[in-house]
Each structure stands twice: as structure tokens, then as C-alpha cells.
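Thanks for making the time. I will take you through one structure, part by part, and keep it short.

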Amino acid sequence: MASGIEGRADTFPKLLMRNARDRAGRIAFRHKDLGIWQSWNWAEVAEQVRGFAQGLKQLGLKRGEKVAIVGYNRPRLYWSMCAAQWLGAVPVPVYADSVADEMAYVLDHAEAAFAVVQDQEQVDKILSITDRLPHLRQMLYDEPRGLRDYDHATLHAIESVIADGAGALREQAAAEVLDREMAAGQGSDLGIILYTSGTTGRPKGVMLSHTNVIVAAEIGCSFDGLSETDEVIAYLPIAWVGDHVFSYAQAMLAGFCVNCPESPETVIDDRREVGTTYAFAPPRVFETMLTLTMVRMEDAGALKRRMFHYFLDVAKRYGEQILNGESVPLKGRLLYKLGDLLVYGPLRNRFGLTNIKVGYTAGEAIGPELFRFYRSIGVNLKQLYGQTEAGVYITMQPNGEIKADTVGRPAPLVEIRIDDNGEVLYRSPSIFGGYYKDPEKTAETMTADGFVRSGDAGFFDEGGHLKIIDRAKDVGKLAGGELFPPKYLENKLKFYPNIKEAVAFGQGRDYATVAINIDLTAVGNWAERNNVVYASYQELAGHDLVYDMIARHVDEVNRSLAAEPMMGGAQIQRFLILHKELDADDGELTRTQKVRRGFIAERYAPLVAALYDGSRIADISTEVTFEDGRKGVISARVKVRDARTYPVTTEGAPAPARAA
Amino acid sequence: MNAEPMTMTGTPIRDTGEVLLSVEAISLRFGGVKAISDVSFDIRKGEIRAIIGPNGAGKTSMLNCINGFYQPQEGRIVFKGERRAKMRPHRAAAGGIARTFQNVALFKGMSTLDNIMTGRTLKMKKGFFWQALRHGPAMQEEIAHRRVVEDIIDFLQIEHIRKLPVGKLPYGLQKRVELGRALAMEPELLLLDEPMAGMNLEEKEDMCRFILDVNQQFGTTIALIEHDMGVVMDLSDRVVVLEYGRKIADGTPDEVKANQAVIDAYLGVAH
């Protein structure tokens, strides 16, 4: 399937020019600015990118050099990727919310010669680390606000760079030279370096060629039948492989429109205005939308609330079957229709999912209830399993074969093998060419026969669907030999709207314990309704009534664990509520918001000790980093509670239950 | 490849020009209470001027005199070289003075957008008839004004609350909306009455950033009252200190900090 297009347009600049030829008048990019959706069609985008490439060339960008791209999803930042690729340079998107120190590492490691950034905040951040970036020569910015009085010797507005380039291109000779630059590019050239957020250690630069990314995009486009009439909203970090494939590669390939929201806070409203047909989001995004809705419903009038809950029950019973095309009694169908009119339709509209053809969730396991909720109200939400090293796709769920607890069948062109230790290995034409400047790590990850080690443990169920349990190295055992899958526990807890984050401990210990982060939105609203007075996050987290509420959730999780084979031994015996929110700035979460368990265990060592030594209270003080890099210390006294555990009910489960 | 490391600096250029407004020996009494007695100072074009002092020193009264809400019994105020006799607040507004209030004074039931649009009222030229019709020339005018307002919304980064009623917003955001409304008047002189009161650290830092940006980008002269000394000393070019309605010091932040009278006023003195 790769060969068809490859012959003609094997790089992204070539794809862009193809689009400018074949669908010149179709809208390619929209950006909401000053309250209005500004738009560019493919012909205009091609004009801009050509001008941009020429401008970069005049500033001295050479083939093979790296261009760091820092900022939120802005059309000009996507264009800068294409403009760099035009000249054979390699774009390196960087997470916009990284603190200066993290950014210095990536930019230095990538040897970025140019930096294209969004605004003053990023310019300041990079200026503060220039002494650590010997390779950096030029910096370009998108939004001029606040930058007027800066020294513009090596600092340029993107707009003026494009204008300069476009001016020079009026000369026939210059235009021909530039076109030759594009023609010189090949599919096998290094197209992009994506730094993985690094659940462990420093980020690694995943090198993907144009062909890798184009093949990945083809897999997705053909699997779900994407065409030029689709609409997506680009709001996930541009440094993440998911956004790169969905908002850049697939848009270029299929020719659909990419919508850039006004600001990170307005995404939900903007999505509603656009009515996207194709969506991609980590479970967290779906979770937040649902939590907000549930919280608001609590404040709604009694009639509305009862109607809402009644029809949600109807949806729970029939919704998924209807979506899967299974047979449903007539009464159920009629009730569902009515519910669709009164509740689900408006709800989908609220979420901006009215026109959605297919939505994907990936990045983390999604709570089964959460997943079913969206499907039951008629959103075709599916799961996929992917990695940066795979150019994203490893497995996907085909329509009609959707299960909450699996990640689907191998994607087209992908071969999967399960290693002896349960690790998932995969091979496809879209897998990466290695880690940038790190052959050792590359050798560790790639097998001799060209498979990539995913680092995840999983198995195929009887239907041929892959089931991921956890990171291969994280699936542990308790001291008594019972299976201890930390992420599995955490995900079960995180399904409750009141729990934002959970960290499970238990490897090599006698029993499993968790540290919990409450969700301030949900618990704060609950507190307001129940007259619970609090002055700070810390105070709310330590409140006895909050502990009671969380204890009930833990209890339910234990009950469900007791009913599952193999998992009964991992019931939670003790828990505590953390006094501060886990934060990526403090290194407790990765930039994609995954918990870094080991780091947390170290940082909160006194608390972990208290979970196991039976004490009811523990003191802790932790250093926190503010956004501007300053540090402070917060200290707290944290309570520890015991939880009830249940006898394991499933036959064949080895672990005996303990009463706590 | 001769890779020359980047050298850039981001130091803004301070350029304060001629006197924009001068307060000359004004006194204000409410019956027997002397709120301000014989105070003189000036505000230069383009500067950030702070008015500080302990509670009840007459700071807000001073702002109220400047924008014409109070009429001082003695002394005079010269704005843009023009001596002002009796002056009403709306005249001050039309003349280029905008302000925010110590207690937020927004239309709670209206959206952020509409609140900021009210700041453009004085600049709307079409008559009531056209406005009511909301068609043709009036629509053109409204679009032009909406553009200015959208620029301000972008500037203050409040896109996400554009359509929300301001009464529902947290305090810090309401303050920001109020600043937006004042900016919508495109004032030459912006009076801020405790712009950071009741804010947490992060909101304060944001607000400082906005005040500095307004000053640098639009060249707006700013007079502000503020209790947070850290903020005052960092932001302002010059500070005037009032105590019991009298001026006790006037100068750069460093001069004021070293002034014995100021130290006594703030820390108290043994009598």
C-alpha cells in the first residue's frame, strides 16, 4: 500500500506541492485568532512554505542541520517543519511546557542550529540557556508581542522571514534553485527527530524518515477511510508522535484540514465550533470532559438531573450494542432514540463530537467505564496502541470489534511477536531508524531480525486482540509471589472522578499500597455542596471526610480485584492522600503526564515507609519548582489509612485474602 | 561552518518624556476631615508612577481628584498643558484618562466581551437610531470596535472567558477584565486602584507582566496605587508617598526606600 504514492511524492514538501496542485482551493489550515477562524487553502500554504524555505535558506540553514520547533499548535509552526524539510534540514519539535533545563538538554543534544518558537515566553526561555547551546545561530518567532525592543541581530519574526523569502522567489533563478532543493529530498532521508518524553532517564531522539512517517500516515488513513473532507483539531503537543502523524502527516497525505485552537484553554469550545470528524486524545482529555459534565450536572435542576441519569442508564444498557450493530429489543431502541434527542445529542454537541466519525484514545489505558460511556452515547471511540519508535501505530481496533480492555489487532503492515518474558515486539515499514546519537540504546531496543522491543508486557486474547498489562519491567511480584501490576491498580482508581492520579507500591513488599492525588475540580465541588471548608489543596486533601470518600473508592477497587483471576493478591491494604498535586515541573510526571513511580517512591520515601510500618501519620517536606524555575519547600503531615480487603472469589486464584 | 553563538539581550529602553499631568497644591476636605492637604506632584509621559501610603493616607481620594470624581477645594490639576477647572468624570474619560477600581466594578451579568465593549462606548460615533438598528454603518463601526476589543482579549489572554458572564469568574480574572475595559478606551493615562489586591502570587505576577506590557507596547502612562511593596518597587519609575493626606516623599523607588519619613510612616516611630 505504500508504493502507490511513494513513487510520486515521497517527502512532505512534495506532498504539499501535490496538494497545492490537486486541491488548491480546499482549506488546509485554520487558526482561530482574534475570535475569528482565519484560514489558508493548500495553494496559499504552499506559497507560504516556499517563501519560508527560501527565507530560512537566506538565513543560512543547510541540508542536514536541525531546527528546533517550540510552541503550541500554530499553523506557522507546522509550516516551519515543512519549510525545514524542504531544504533537507530536520525539524525537532520540543514540548512547549518544558522548563529551560529540559529544553537545554534536547536542543543541545539535537545540535539545533535554528529555533522556531511561538512567543516571547519561549524566546526568553531559550535566551536564558544560549550559553549551553553552542550550535544555535538563529531564532524565529511567531507572535511579536513584547519582543519589539529585543536585539534583532539573530532574532526574526517568521512573518518577515516568509516575506523576504517570497520577495527573493520572484526572481526565476532563485525559484529554480529552491525547487531543486525540494527535488533533492528523498523518502529515505531523515524527516524528523521526535524526542520521547522519557518515562525513565533523559529523553531519547527517535529518528524517523519521510517514508516511515508517510507509511504510518497511510496505515491510519486507509484503516479509517480518511479523506480531504475530514477535519481535525490540533491541540496535543507538536513534539508528540501522535500529533505529528495526525495533524501533520495525515493532513498532508489525505489533504484534510487542520484546525489550530485559539489557546490551550479554549480547545473544547473551538472543537465545538469546527465540528471535527476525526479525533485523537489521551484518556485524560476524555476524562476531564466527563468530570466537568458530571460536576455541572450536580448543579443542574432536579428534573434535568433525573432525566440525565435515567437516559445514561438507558445508554449503558443499549448504547454500545446499537453502535456495534447488535440486535436490541424495540423498546430499547425507542428509548435510546428519545435519549439521543434529549441527552446524548446535546452532550455530544457540548463535547464537540457531533460530527465525529472516529475517535481514538491512546497513550495510556482508558478506564473501561469511561470508554463505554463515550461509546454508549454514540461516539465511535476506539483504542490504539502505539509508540514513537513505531511511527505510532502498533495495534488498532477495527470497527465492530471494540473491547474496553484490549487495544485491538495488529495494524496493517505490522507484525507482532510476544517474547518469552511477555514483552511485545513489533516490526513494520514505519519503525524508526534508531535513536539520534545513541547507538547503544538503539541496539538494546532493536532485535537482530528487525523487531523493536516495546517495553510493554502483553498477550493476545482468544479473539486475536492484544491486551497490554503494564510496562514489562513494572509488572512485579509481591513478597508472597502474587502478581503486582501497578498500572492496573492505578487505572482502576483513576476511573473515579475524585481521583486524579494514583501511585501504587508493592514490588517485593508484603502487600500493595497506594498514594492518591485527589481531583481538585471534582472534590472541590463536592466540598462546596457538603459544606466542607478548606483553604488550600493541602487542607482539602487531608480532610477526614475526603479520606472517607476515597476509602469507599479503594474498597470498591478491592472488591473488583478480588473477583478477577490473578489479581486478587494485589488488593490495596493501605492508602494515603498526597498533600500536593503531582507535577511534571517537579519531575513527578512525564511531560505526557504519566507517573514516574520510582522517582516518586524516592521523593516521598517517608510516606512510603509509613505505608508499610503501620504508622497512622507521617511528616514530609518536599521541594517544589515554580514555573519560572524558582524553588520552594512545602511540608505536611499526611494521614495513612487501612483499607478493607476481600477473600478472592475466583477459583484458581492463588492468593489468600488477608483481613486488615 | 562558522557557528557563532547567539548573543541577545532583552533590556527594554526607558524613555519618559515631558509632564503629562501635574497636581499642584491640591487640598480636599470632606466637612472637617482633611483627606488631602497641599499635595503636589507630576506624572511624566510614558512612566509608571506609584502612589503609596498607609491606610487612609488619601491615595484613592487622590485618584478620584485626578479623574474628576472629586473636586478639590484648593489647588489645580493640569492635564496635557490644560488647566482643568470643574471637571466631570466623563470629561476626564473623553480626555484620555481611564481607571480601574479598588473593588471590581463590572457589569456582572454581562459577558467579558460585552464588558470590554462598554469601554468603547465613548468612541462610538453613530447615533442611537443606527445603534438600535444595528445595521449598515453602525454594524461597520461595531466590527471595527470589536477588532480593537479582540486585540485586547488576545493581549490579556482571556480568550477562554470571552463569552462567560463576568460574575461567574474568579476575582483575579475579573480584575483582568476590568483592566481590559480600561484599555478599550485607549487612554493616555491609566489609573489603577490596587490592581493586585486579593490576588495570589501567580495572578500578581501575571498582572505585573500585563502592566509592564501595556506601558511598553502602547506607551500608556500609568499611575497605580498598590500595597504590595515588592510590586511597587519593581514596577514603578517613580513613587510618591502620602501619609495623613500629606506628601512625605517623592522619587525613585530606591530614594523612597531610604527616606526616613517613609520608614517611620510604615514601621511607626516612638513619640
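Before the first helix, one definition: the expected span of a helix is 1.5 Å times one less than its number of residues. Keep in mind throughout that this is a predicted model.

With that, take helix H12 of chain A, residues 283-298. H12(A) has 16 residues, and from its first C-alpha to its last it reaches 23 Å, close to the expected 22 Å. Which residues of H12(A) are buried? They are Pro283(A), Phe286(A), Glu287(A) and Met289(A). Around the axis these residues cover an arc of only 165 degrees, so they sit on the same side of H12(A). The cover over them includes helix H11 (267-274), strand E12 (278-281), helix H14 (330-351), strand E13 (358-361) and helix H15 (368-376), again of chain A.

In helix H5 of chain A, residues 100-110, the buried residues are Glu102(A), Met103(A), Val106(A), Leu107(A) and Ala110(A). Looking down the axis of H5(A), you find them within an arc of 125 degrees, which means that they line one face of the helix. Among the elements that cover them are strands E3 (66-70), E4 (90-94) and E5 (112-117) of chain A. Helix H6 (120-127) and strands E8 (190-195) and E9 (205-209) of chain A are also part of that cover.

Now the domains. Chain A is divided into domain 1 (3-277), domain 2 (283-354 + 356-471) and domain 3 (476-642). Between the centres of domain 1 and domain 3 of chain A, taken over C-alpha atoms, there are 39 Å. Their contact takes nine residues from domain 1 of chain A and seven residues from domain 3 of chain A. On the domain 1 side of that contact, the classes are four nonpolar, four polar and one charged residues.

Chain B is assigned domain 1 (19-96 + 188-271) and domain 2 (105-186). The centres of these two domains of chain B, over C-alpha atoms, are 27 Å apart. In the contact, 10 residues of domain 1 of chain B meet nine residues of domain 2 of chain B. Two elements of chain B give two or more residues to the domain 1 side, namely helix H2 (89-95) and helix H7 (201-218). The largest share of that side, four residues, is from H7(B). By class, the domain 1 side in chain B has eight nonpolar, one polar and one charged residues.

Next, the nonpolar cores. Which residues touch the most other members of the largest nonpolar core? In this core of 146 residues, they are Val67(A) and Ala115(A). Helix H10 of chain A, residues 241-254, gives the largest share, nine residues. Domain 1 (3-277) and domain 2 (283-354 + 356-471) of chain A both contribute residues, so this core lies between them.

Leaving out residues up to four places away in sequence, the contacts of Val67(A) include Leu61(A), Ser80(A), Ala84(A), Ala89(A), Val90(A) and Pro91(A). Val92(A), Ala112(A), Phe114(A) and Val116(A) are also touched by Val67(A). Another core, of 62 residues, lies apart from the largest one, and its members include Leu21(B), Ala57(B), Ile97(B) and Leu224(B).

Last, a few loop residues. Leu34(A) is in the loop between strand E1 (27-33) and strand E2 (36-41) of chain A. Its phi is positive, near 50 degrees, in a residue other than glycine. Leu34(A) counts as partly exposed because it has 16 C-beta neighbours inside 10 Å.

In chain B, Tyr244(B) is in the loop between strand E9 (238-243) and strand E10 (246-251). Tyr244(B) is not a glycine, yet its phi is positive, about 45 degrees. With 15 C-beta neighbours inside 10 Å, Tyr244(B) also counts as partly exposed.

Where is Asn421(A)? Asn421(A) is in the loop between strand E17 (415-418) and strand E18 (423-427) of chain A. Is Asn421(A) buried or exposed? Asn421(A) has 9 C-beta neighbours inside 10 Å, so it counts as exposed. From Asn421(A) to Val633(A) there are 212 residues in sequence and 42 Å in space, C-alpha to C-alpha.

Methods
Residues numbered from 1 in each chain as written. Chains lettered and ligands numbered in written order. Predicted model: local features only at pLDDT ≥ 70, side-chain atom pairs only at ≥ 80, totals over all residues. Domains from an automatic or database assignment. Contact = placed C-beta atoms within 7 Å. Nonpolar A, V, L, I, M, F, W, Y, C, P; charged D, E, K, R; others polar. Buried ≥ 20, exposed ≤ 12 C-beta atoms within 10 Å, placed from the backbone. Core = buried A, V, L, I, M, F, W, Y, C linked by C-beta atoms within 7 Å. Arc of directions from axis to C-beta.
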